Amino acid sequence: MIDVTGQISAVERRLGTRTLPAGEARVMTISQTYDAPVEDVWDACTSPERIPRWFLPISGELKLGGRYQLEGNAGGTVERCDPPHSFAATWEFGGEVSWIEVRLTEAGAGRTRFELEHVAHVDDARWAEYGPGAVGVGWDGALLGLASHLAADGSGITPDEAVAWMGSDEGRRFMTEASARWTEASIAAGTPADEARAAGDRTTAFYTGTPAA
């Protein structure tokens with residue numbers, strides 16, 4: 001059983017921009033604090049044996065300069081590695097290249113703040129159509145997977161259960177609430193409210209299979 005509202009509320013979401021050599025990029029940041037020490041969260045995020053237990057099967061070389069590939073999803077190159085606190089990599093999918101950085105910081109005794117930053121050049125038309133939730137809801141799912149993996153009480157879901165769970169009422173509620181929070185982040189970042197909500201409705205419809213308002 002998953003506390004959907006509790007998980008959604010435990011996650012922080014922010015949007016911003018950054019100027020790169022190729023032009024202005026959008027920056028999405030998502031974070032959550034876990035009841036696990038930094039070294040354990042680092043191992044969960046970098047061990048090829050543990051990553052499939054909460055995210056996706058992965059192949060390649062998880063080391064500086066190594067290439068990785070997530071099954072059915074993105075691949076890329078590890079560009080920086082500072083164990084057990086941070087790593088950065090390219091995120092290559094669908095012929096496009098973006099960048100991710102994961103940062104881990106102590107958040108009290110035996111607790112770790114996990115923060116993921118995703119930097120991407122996004123076409124204005126695509127952004128207007130779906131907003132940040134198009135990618136953000138997926139990252140919310142990843143943080144739920146990590147929370148489930150690290151939970152000492154065995155609560156949450158495993159990757160094997162994820163597809164069926166996403167089609168359940170509980171799963172659809174999770175994706176709907178995650179999309180709504182990304183809409184709020186978009187408004188906070190300066191997107192006109194009506195535009196942000198319309199994009200959020202389309203994202204929710206995409207993930208849940210229900211018609212957009």
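Modeller: Start with the term cavity: a set of grid points where a 1.4 Å probe fits but cannot get out, whose lining residues have an atom within 4 Å of a point. The model is predicted. In the largest cavity, the lining consists of Tyr-130, Gly-131, Pro-132, Gly-133, Ser-179, Trp-182, Thr-183, Ala-196, Ala-199, Gly-200 and Thr-203.

Biologist: Which elements give two or more residues to that lining?

Modeller: H6 and H7 do. H7 gives the most, with four residues.

Biologist: How many cavities of 30 Å³ or more are there, and how much space lies in the largest?

Modeller: The count is one, and the space in the largest cavity is about 30 Å³.

Biologist: What makes a residue of that lining nonpolar, polar or charged?

Modeller: Tyr, Pro, Trp and Ala count as nonpolar, while Gly is among the polar residues. On that basis the lining of the largest cavity has five nonpolar residues, six polar and no charged.

Biologist: How does the lining of the largest pocket divide?

Modeller: Into 28 nonpolar, 11 polar and four charged residues. A pocket is an open set of points, whereas a probe in a cavity cannot get out. The largest pocket holds about 1,400 Å³ of space and is lined by 43 residues. Asn-73, Ala-134, Val-135, Gly-138 and Tyr-207 lie nearest its centre. H4 gives the most to this lining, with nine residues.

Biologist: Back to H7. How do you know that its span is close to the expected one?

Modeller: The expected span is 1.5 Å times one less than the number of residues. Helix H7, residues 193–208, has 16 residues, and the expected value is 22 Å.

Biologist: Which residues of H7 are buried, and what do they pack against?

Modeller: Ala-196, Ala-199, Gly-200, Thr-203, Thr-204, Ala-205 and Thr-208 are buried. The buried residues of H7 pack against helix H3 (124–130), H4 and helix H6 (169–188). After H7 comes Gly-209, with a positive phi near 75°.

Biologist: Why is the pair Asp-140 and Arg-13 called a salt bridge?

Modeller: The cut-off is 4 Å between a side-chain nitrogen of Lys or Arg and a carboxyl oxygen of Asp or Glu. For Asp-140 and Arg-13 the closest N and O atoms are 2.8 Å apart, so the pair qualifies. Side chains of opposite charge can pair when their charged atoms come close.

Biologist: What makes both of these residues buried?

Modeller: Buried means under 20% relative accessible area. Asp-140 has 1%, so it is buried. Arg-13 has 12%, so Arg-13 is buried as well.

Biologist: What does the salt bridge between Glu-117 and Arg-103 tie together?

Modeller: The closest N and O atoms of Glu-117 and Arg-103 are 3.5 Å apart. Glu-117 lies in strand E8 (residues 112–120) and Arg-103 in strand E7 (residues 96–106), so the pair ties together parts 14 residues apart in sequence. Glu-117 counts as buried because its relative accessibility is 9%, whereas Arg-103, at 23%, counts as partly exposed.

Biologist: Which residues are linked with them in a network of salt bridges?

Modeller: The network links Glu-12, Arg-14, Arg-18, Arg-80, Glu-101, Arg-103, Arg-113, Glu-115 and Glu-117. The structure holds 19 salt bridges.

Definitions and conventions. Residues numbered from 1 in each chain as written. Predicted model: local features only at pLDDT ≥ 70, side-chain atom pairs only at ≥ 80, totals over all residues. Heavy atoms only, no water. Buried < 20%, exposed > 50% of the residue type's maximum accessible area, 1.4 Å probe, protein only. Contact = heavy atoms within 4.5 Å. 1 Å grid on protein atoms, 1.4 Å probe; cavity = no way out; pocket = protein on both sides within 12 Å on 5 of 7 lines; lining within 4 Å. Points joined across faces, edges and corners; volume = space filled by probe spheres on them.
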